[in-house]
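Here is a briefing on one protein model. Please look over the sequence and the fold, then read on.

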Amino acid sequence: PDPVVAKPVGKEAGENETTDAYFSESPPAVPHLMEALLPITRDSNQYLDCHEEREHIGKEVAKGDATPMPTSHYTDLRQARNVVTDKVIGARFNCDQCHTPMTDAKPLVVNTYR
């Protein structure tokens, strides 16, 4: 059978409500459209323009403001677990390898995880 095509449900950045992560330490879904921000490359990453705000980590974010990337994105978990750097670690610059956009996709199975 042909698969059902999921459509993005996001609006422009800052216009959608964010959702909670599915479980602790899971990457949250992207609450805005992504197409205009792609492709993400080492030389062109528009997400960093909004979300690379170390000074706001751990602080409450006003509605419509970008959520800052967590400390883990500034930490090389392979080489130096206890060192927080001033720049996003190279393995973390490609946001859509972990974060996916919100869509209208229906769950394939019921999720009862808590």
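**Briefing: pockets, contacts and exposure**

By class, 22 nonpolar, 15 polar and nine charged residues make up the lining of the largest pocket. The model is predicted: local features need pLDDT of at least 70, side-chain atom pairs count only at pLDDT 80 or more, and totals for chains, interfaces and linings use all residues. Residues are numbered from 1 along each chain as its sequence is written, and side-chain values use heavy atoms, with hydrogens and water left out.

**Overall layout**

- Helices (H or I, at least four residues) and strands (E, at least two) are DSSP runs, numbered from the N terminus.
- Read from the N terminus on, the order of elements is α-β-β.
- Along the principal axes, the C-alpha atoms of the protein chain fill a box of roughly 50 × 30 × 30 Å.
- Of the 114 residues in the protein chain, 21% are buried. Buried means under 20% relative accessible area, exposed means over 50%, and partly exposed lies in between (1.4 Å probe, protein chains only).

**Largest pocket**

- The largest pocket holds about 1,400 Å³ of space. Its lining counts 46 residues, and Pro28, Pro31, His51, Thr67 and His99 are the closest to its centre.
- A pocket is found on a 1 Å grid over the protein atoms alone, with a 1.4 Å probe: it is an open set of points with protein on both sides within 12 Å along at least five of seven lines, and lining residues have an atom within 4 Å of a point.
- A volume is the space filled by probe spheres set on the grid points, which are joined across faces, edges and corners.
- For the classes, Ala, Val, Leu, Ile, Met, Phe, Trp, Tyr, Cys and Pro count as nonpolar, Asp, Glu, Lys and Arg as charged, and the others, Gly among them, as polar.

**Second largest pocket**

- The second largest pocket has a volume of about 210 Å³.
- Tyr22, Pro101, Met102, Thr103, Ala105, Pro107 and Asn111 line the second largest pocket.
- This lining divides into five nonpolar, two polar and no charged residues.
- Met102, one of the lining residues, sits in the segment after E2. Met102 counts as buried because its relative accessible area is 15%.
- Met102 and Lys59 are 43 residues apart along the chain, and their C-alpha atoms are separated by 24 Å.

**Salt bridges**

- There are two salt bridges. The rule asks for a side-chain nitrogen of Lys or Arg within 4 Å of a carboxyl oxygen of Asp or Glu.
- Lys63 and Glu17 form a salt bridge through their side chains, at 2.4 Å from N to O. This pair links distant parts of the chain, 46 residues apart: Lys63 is in the loop between H1 and strand E1 (75-76), and Glu17 is in the segment before H1. Both Lys63 and Glu17 are exposed.
- Asp86 pairs with Arg54 in a salt bridge, with the closest N and O atoms 3.1 Å apart. Asp86 lies in the segment after strand E2 (80-84) and Arg54 in the loop between H1 and E1, so the pair ties together parts 32 residues apart in sequence.
- Asp86 is exposed, at 63% relative accessibility, whereas Arg54 is partly exposed, at 33%.

**Around Arg54**

- Val88 lies in the segment after E2. Val88 is buried, because its relative accessible area is 15%.
- Val88 and Arg54 are 34 residues apart in sequence, and their C-alpha atoms are 9.6 Å apart in space.

**Surface patch**

- Tyr22, Phe23 and Tyr113 form a nonpolar patch on the surface, and together they have about 420 Å² of accessible area.
- Patches are made of residues with over 30% relative accessible area and no salt bridge; nonpolar side chains (Val, Leu, Ile, Met, Phe, Trp, Tyr) are joined within 5 Å, like charges within 9 Å. Accessible areas come from the Shrake-Rupley method with a 1.4 Å probe, and for residues only the protein chains shown count as cover.
- Phe23 is in the segment before helix H1 (46-51). Phe23 is partly exposed, with a relative accessible area of 45%.

**Before H1**

- Leu38 and Pro39 are joined by a cis peptide bond, with omega about 0 degrees. Pro39 is placed in the segment before H1.
- Thr41 is also placed in the segment before H1. Thr41 counts as partly exposed, at 33% relative accessibility.
- Thr41 and Leu77 are 36 residues apart in sequence and 21 Å apart in space, C-alpha to C-alpha.
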